[in-house]
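Please look over the structure below with this briefing beside it.

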Amino acid sequence: MAYAQAIFTNSAIYIIAAMGLAILTGYTGLFSLGHAAFMAIGAYTSAILTYFYHWPLEPALVAGMIVSVLISLVVGYPTLRARLRSDYFAIATLGFGEALKVVLENLDITQGARGLPGIQKLAGPFNTAIWMIVTIWLCRNFLRSTYGRKLIAIGQDPVAAEMVGIRLLPNQMLSLAISAAFSGLSGGLLAHYITFIQPAIFNMDLSSLLTAGVVCGGMGSLTGPFVATALFVVVPELFRGLALWRLVLYGVLLVVIMNLRPKGLFGHEELNLGNLPKLFLIVGLTVGLTIGSMIYNAWVADWGTIPAFLAAAFATLAFSAILNALGRGTAWMLRPVVPRLGAGWIRAQAKLLGDRPSATEPICTAPGPTTVAVSENPLVNIRGLSKRFGGVVAVDEVDLTVRPGQIMGLIGPNGSGKTTLFNLISGVYPLDAGSVQFAGQELGGFAPTQIVQAGVARTFQNIRLFSSMTVLDNVQTALHAASPYSLAAAFVQWPWTVWPAEERLRARAIALLRDVDLADYADRVAGTLPYGLQRKLEIARALALSPRLLLLDEPAAGMNPQESLDLVELVKAIHRRIGLTIILIEHHMDVVMNVCERIAVLNFGKKIAEGTPEEIQANPLVLEAYLGQKVENAALR
Amino acid sequence: MRAQSFIRLLVLLAVLGSIVPCAVPAQAQTIKIGHEVALTGPNATWGQSEANAVKMAVDKINAQGGVLGRKLEIVAYDNRADRLEAVNVAKRLVEQDKVVAIIGPAQSGVTNAIREVNNSAKVPVIATTATNPKVTVNDNGSVVPYTFRVCFIDPFQGTVAAQFAAKDLKAKTAAILYDVGDEYSQFLGKYFVEAFEKTGGKITGNEAFRSGELDFRAQLGKIKFGNPDVIFIPTMQKEAALAAKQARDLGIKAKLLGGDGWGSPDLFDLAGPAIEGSYFVNIAALEDPAIQDFIKEYRAKYNQDPVLPNPVLAYDAVLWLADAIKRAGGTDGEKLKAAMEQTKNLQVLTGKLTIDPKTHNPLNKPAVIQETKGGKFAFVKVFVTTD
Amino acid sequence: MVLQTIITGLSIGSIYALMAVGYSLVFSVLNFSNFAHGAIITLGAYVAWAIMVHFFRVPFVPALVLSIAGAGVLAFLNERIAYRTLRQRHAPSLYLMISAMGVAIALQNILYATIGAKLYALPAVFSQDIFEVGGATISKMDLFAFTFSVFVIGLLHAGLTHTKVGTAIRAASHDMEMVSVLGINLDVLVAVLFLIAGGLGGMAGVFMGIKYMVYPSMGWITNKAYIGAVIGGLGSLPGAVVGGLLLGLLEAGVSVTTIGSVHLSTYRDVFSFGILAILLIVRPTGLFGRVFEEKL
């Protein structure tokens with residue numbers, strides 16, 4: 001019994017750390033190779049406080065978490081600054097883990113490599129279980145809040161996340177801090193359970209266990225890492241003789257899972273009615289293995305190896321099958337009950353608690369049609385814009401002016417610099433020369449998120465959605481600009497502040513989706529949508545930013561004529577409704593000629609022509625640029 | 001439905017079947033003794049020898065009728081000399097196997113690690129070669145109630161090394177290179193320095209490295225600069241071999257000196273000719289006349305030489321334990337502890353064992369000096385300290 | 001003593017540099033951190049042990065060649081099994097990194113579980129010959145390792161700039177897709193890449209085995225190499241060399257410094273990490289690193 005308690009408590013402790021790491025690696029996509037270090041910080045801090053200064057357990061644990069968070073911020077700042085390069089971060093965590101061990105081995109108060117024996121055994125199965133439940137609850141709440149969605153967006157596509165106004169560095173540091181906090185909590189509990197810690201415990205093997213748990217469980221889920229970590233703690237205990245192979249198994253699993261099933265056990269799903277039988281099967285398999293190994297040990301002496309093994313295997317399979325059936329049965333029974341609880345109920349309460357959100361709320365706060373009167377002051381004024389990549393001049397002294405409310409087309413052969421121009425405007429690339437003025441403000445040198453805040457939104461040539469998030473979440477993430485509630489509230493999901501705020505966000509998002517006819521797909525996973533609808537979703541997401549300028553990069557790419565027509569109607573409708581200024585890159589000449597008031601033509605980075613659609617069609621330079629192609633296809637309006 | 005109830009029946013049978021063997025009446029109760037030992041890993045050469053010796057001792061005692069009419073049974077688990085693993089092993093021994101005492105571990109750090117487990121369960125531990133004083137005595141001078149040891153302690157070992165260097169090697173200056181990550185190394189180095197300076201010698205270099213580091217050339221370069229007669233390297237055989245090779249690579253001609261951590265035969269494989277003509281302190285040596293019978297027996301049974309000193313000490317530990325159980329009249333933890341503390345003049349392989357009840361350490365243990373000669377360990381002398 | 005410290009630093013640094021080059025080579029083309037590099041280095045050392053000590057008594061030069069070849073083949077297999085599918089699927093570099101880490105953990109522990117943690121020494125090839133230079137000593141082994149590494153890296157550089165394959169590799173480091181469009185078989189190119197990187201790793205493993213010893217967790221020394229590569233700038237081969245050497249010199253310097261009674265040598269890893277952190281603040285792309293601008 002005591003032995004079973006020990007296994008349970010160990011699992012709970014590691015699960016707490018795994019939850020934190022799931023947020024960092026699973027959701028935010030930052031690979032950490034030294035997370036045991038944060039457990040070490042929590043362990044030593046709390047142990048020193050209880051051992052030398054006689055603090056009670058809970059404040060000591062919290063202190064451990066705080067120190068862990070602070071150190072993670074110090075480590076995170078330099079290493080996360082190298083944007084978009086997760087390798088630097090991984091290597092840095094590796095170095096940090098080693099450096100921390102050195103410090104712990106040499107400080108007097110930590111008693112060096114000898115470690116701290118004799119810590120009071122203040123952690124047991126009961127209070128550890130409580131901490132684990134609290135951790136899971138907090139993490140789950142966080143992931144459902146605006147802060148959580150921002151992290152998930154970064155994990156899905158950092159570039160798109162920036163284009164939606166999410167600043168990478170502070171959010172990644174937040175993710176690191178949260179994971180450090182929970183790892184610190186886990187370490188503190190570990191110290192007060194095994195009552196002896198030393199630096200060598202917090203080694204690569206421990207970090208590997210946590211990483212393997214998160215990856216095999218499923219990056220993008222909390223249930224997955226929970227189950228996988230528990231398995232990784234429990235199963236080796238059953239097969240003690242194979243202790244060394246346990247680590248080989250972790251390594252092999254990582255390779256196999258990445259190659260064959262990157263989703264891991266639970267992928268992006270949390271526990272729901274659909275995968276309940278799977279969970280039962282896993283539990284059944286584990287219990288079956290336990291019983292099987294007990295049978296084997298008891299019978300092998302009397303019956304010989306093979307019969308004992310067969311009996312054990314049989315018991316294992318039988319248990320797994322039984323529990324799988326049980327799982328299916330339970331899911332079937334719960335089917336009518338569950339939808340009544342959960343999200344639907346919360347939303348109903350939210351409606352009661354907060355103001356009633358209006359379904360006809362205008363989707364954007366941009367000026368309405370009445371102010372679309374094309375004024376003389378240009379909204380966008382680009383002068384002498386240039387960009388080189390090594391020896392290639394991508395954009396060569398381009399001048400471009402767009403008036404408010406105009407739809408400007410940007411065409412040219414492949415490689416003429418159109419997308420590069422967009423990237424320069426939206427701040428993805430730094431300018432080499434020239435200036436980009438937007439509503440009187442110079443945008444050159446701004447960070448992408450600042451440009452988004454100034455009112456510029458864009459879509460991408462090869463659609464950058466947050467593909468594992470739902471359609472609704474994709475749009476909601478763009479609406480978060482200023483989180484309507486605090487981080488603390490996010491963790492606790494305070495019904496009075498958070499529920500109504502989330503309900504408001506949701507309603508606005510639905511309204512936006514309705515504008516592009518996607519409201520029916522709200523709960524579908526974005527990556528499963530047909531291509532044309534994904535494109536519309538990207539536009540809806542861009543509109544959620546309440547932009548004054550919208551950059552559309554080949555929106556009709558890959559669409560058939562019918563879809564292209566729908567798109568044209570959509571763009572026109574948006575423009576009509578809110579008088580949005582639009583710059584449109586396109587190759588489909590029917591779309592361009594149909595929608596744009598003015599067209600600029602680029603070739604080899606230079607602007608070679610600009611004018612109305614008719615002027616462009618007749619322009620010999622343009623025809624030449626398109627390889628002398630006669631403008632018959634462009635005559636299709 | 002029929003398939004399901006059929007399956008249910010089979011499962012029921014399987015479960016019942018597994019309970020049956022447990023209901024078989026147990027045989028006459030053995031006395032279970034745990035053994036924490038490193039069967040794999042860098043310390044495996046000592047560990048496996050230890051396990052063999054323990055088995056030898058237990059078999060002998062059982063052949064003579066056991067203890068108090070019951071047979072002794074050894075429950076050994078591999079702790080890989082890893083502290084966390086040792087804690088797991090200790091918990092298993094104490095909670096699941098319900099041993100009455102534990103032989104081992106062999107390392108000071110590891111013995112410290114399991115302290116909480118065996119002390120709260122009142123299960124005595126006899127460390128075999130853990131030489132750091134803090135293993136049995138706390139900082140405030142009180143004794144650790146249920147931890148004992150059967151070897152000498154490092155202050156003694158450091159003194160032996162220092163006096164040997166000063167008197168026999170005629171060294172006036174010395175330097176040390178130690179491992180900060182291992183308290184054995186750290187403290188042995190400290191005791192050497194204190195003792196050497198007491199003989200009037202001068203310490204010209206005091207360098208350290210971190211556990212796991214492989215390259216000490218920077219530190220050795222600095223030591224070379226101070227031109228010592230002798231370099232004391234209180235580490236395990238792996239680091240000693242590396243240090244010896246690198247010292248000779250740097251052209252250092254000083255004599256190298258070490259502690260009982262050097263005593264594994266693979267020292268020669270790892271160091272090659274670099275370690276020739278070096279000396280170290282050990283707890284026992286193959287040539288020691290007192291243990292020749294044991295060595296003959298071991299050779300006959302296992303077809304190889306024991307890797308000293310662990311097997312000898314483990315053997316002594318079993319003898320000590322058996323004697324204590326007899327005097328305690330049973331295996332109750334507190335009575336056993338008291339009996340062990342009262343051990344006086346018990347004849348064991350390495351002489352007569354008398355325990356100091358205040359420190360749980362054996363009194364009057366000898367030390368031997370060995371030399372590395374011709375790819376083998378050569379016995380130099382039994383060293384008697386002066387002070 | 002300063003000269004001796006410098007020599008020691010260069011000696012350690014040249015091993016770091018050798019490891020860093022293999023790692024950076026893969027990074028520059030495939031844009032991910034091959035964390036399995038350390039395992040390949042370890043296996044190179046074990047291959048040398050197997051043929052020089054355990055099974056046969058192969059003399060040094062052929063053993064070195066065989067180990068380099070063996071490590072190259074192992075690296076090729078590694079790519080085939082753990083990375084190829086991901087690469088063809090254009091999986092994010094995070095997946096490749098995790099797969100690499102899996103290989104590293106698995107290989108190291110397979111060694112623990114099969115051959116065991118026992119330490120082995122490779123035969124002292126150059127016996128104890130040493131040279132005295134201005135009060136400092138260099139061992140023959142060190143001199144050989146250093147010059148041979150310089151030679152091989154020089155050969156690599158020449159190969160990259162003057163052969164067709166080398167040029168293809170350099171082109172691929174800029175734009176993989178373009179290279180395949182030009183008709184070069186990417187699978188073959190990547191295989192050659194890993195053969196080279198693995199060979200370099202195997203060489204480093206043999207040198208390390210001779211200088212120190214052979215044991216399963218040798219690969220963790222590669223962490224220092226990664227830090228060296230980052231300091232020099234990820235993706236830059238000269239950067240890898242400079243970074244590795246600098247790190248070696250820094251470590252040697254730190255190891256002989258004592259402030260009061262505190263041996264800074266034991267804080268070596270703190271210094272390595274500290275330099276890394278400072279460098280990332282001051283110059284995020286490392287000393288010679290390239291600024292990566294993704295095509296969006």
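In this predicted model, the side chains of strand β10(A) are divided between two directions, with A:T581, A:I583 and A:I585 pointing one way and A:I582 and A:L584 pointing the other way, and all of them are buried. The strand, which covers residues 581-585 of chain A, is accordingly described as mostly covered, with five of its five residues buried.

**Around β10 of chain A**

- Strand β5 of chain A, made of residues 407-411, runs parallel to β10(A) and is joined to β10(A) by four bridges; within this pairing, A:I407 stands opposite A:I582.
- Strand β9 of chain A, made of residues 549-553, also runs parallel to β10(A), and here five bridges join the two strands; A:D553 is the residue that stands opposite A:I585.

**The seven-stranded sheet of chain B**

- An open sheet in chain B is formed by seven strands, which follow the order β7-β6-β8-β9-β10-β15-β16 and pair in a mixed fashion.
- Because β7 (202-209) and β16 (376-383) of chain B each have a single partner strand, they stand at the edges, and one side of each is left without a neighbour in the sheet.
- From one strand to the next, the twist of this sheet averages 25 degrees.
- Strand β10 of chain B, residues 279-282, and strand β15 of chain B, residues 367-373, are paired in the antiparallel sense over four bridges, and in this pairing B:F280 has B:Q370 as its bridge partner.
- Helix α6 of chain B, residues 154-167, lies across β6, β8, β9, β10, β15 and β16 of chain B, and runs at about 55 degrees to β15(B).
- Helix α8 of chain B, residues 217-226, packs on the sheet as well, where it touches β6, β7 and β8 of chain B, and its direction makes about 175 degrees with that of β7(B).

**Helix α2 of chain C**

- Helix α2 of chain C, residues 37-54, has 18 residues that should span 26 Å at 1.5 Å a residue, and the 24 Å between its end C-alpha atoms agrees with this.
- Since 14 of the 18 residues of α2(C) are buried, the helix is largely enclosed by the rest of the structure.

**Where chain C meets chain A**

- The contact between these chains takes 37 residues from chain C and 41 residues from chain A.
- On the side of chain C that touches chain A, at least two residues are supplied by each of α3 (60-88), α4 (93-114), α9 (222-232) and α11 (268-282) of chain C, and the largest share, 15 residues, comes from α4(C).
- Sorted by class, this side of chain C holds 26 nonpolar, nine polar and two charged residues.

**Where chain B meets chain C**

- Here 29 residues of chain B are in contact with 25 residues of chain C.
- On the side of chain B that touches chain C, the elements giving two or more residues are β7, α8, α9 (237-249) and α10 (266-271) of chain B, and α8(B) provides the largest share, six residues.
- The residues on this side of chain B divide into 13 nonpolar, six polar and ten charged.

Key. Residues are numbered from 1 along each chain as its sequence is written. Chains are lettered from A and ligands numbered from 1 in the order in which they are written. This is a predicted model: local features need pLDDT of at least 70, side-chain atom pairs count only at pLDDT 80 or more; totals for chains, interfaces and linings use all residues. Two residues are in contact if their C-beta atoms, placed from the backbone, lie within 7 Å. Ala, Val, Leu, Ile, Met, Phe, Trp, Tyr, Cys and Pro count as nonpolar, Asp, Glu, Lys and Arg as charged, and the others, Gly among them, as polar. A residue is buried if 20 or more other C-beta atoms lie within 10 Å of its own, exposed if 12 or fewer, and partly exposed in between; C-beta atoms are placed from the backbone. Two strands pair if DSSP finds at least two bridges between them. Axes are lines fitted to C-alpha atoms, for helices over the stretch in contact, and angles run from 0 to 180 degrees between N-to-C directions. The expected span of a helix is 1.5 Å times one less than its number of residues.
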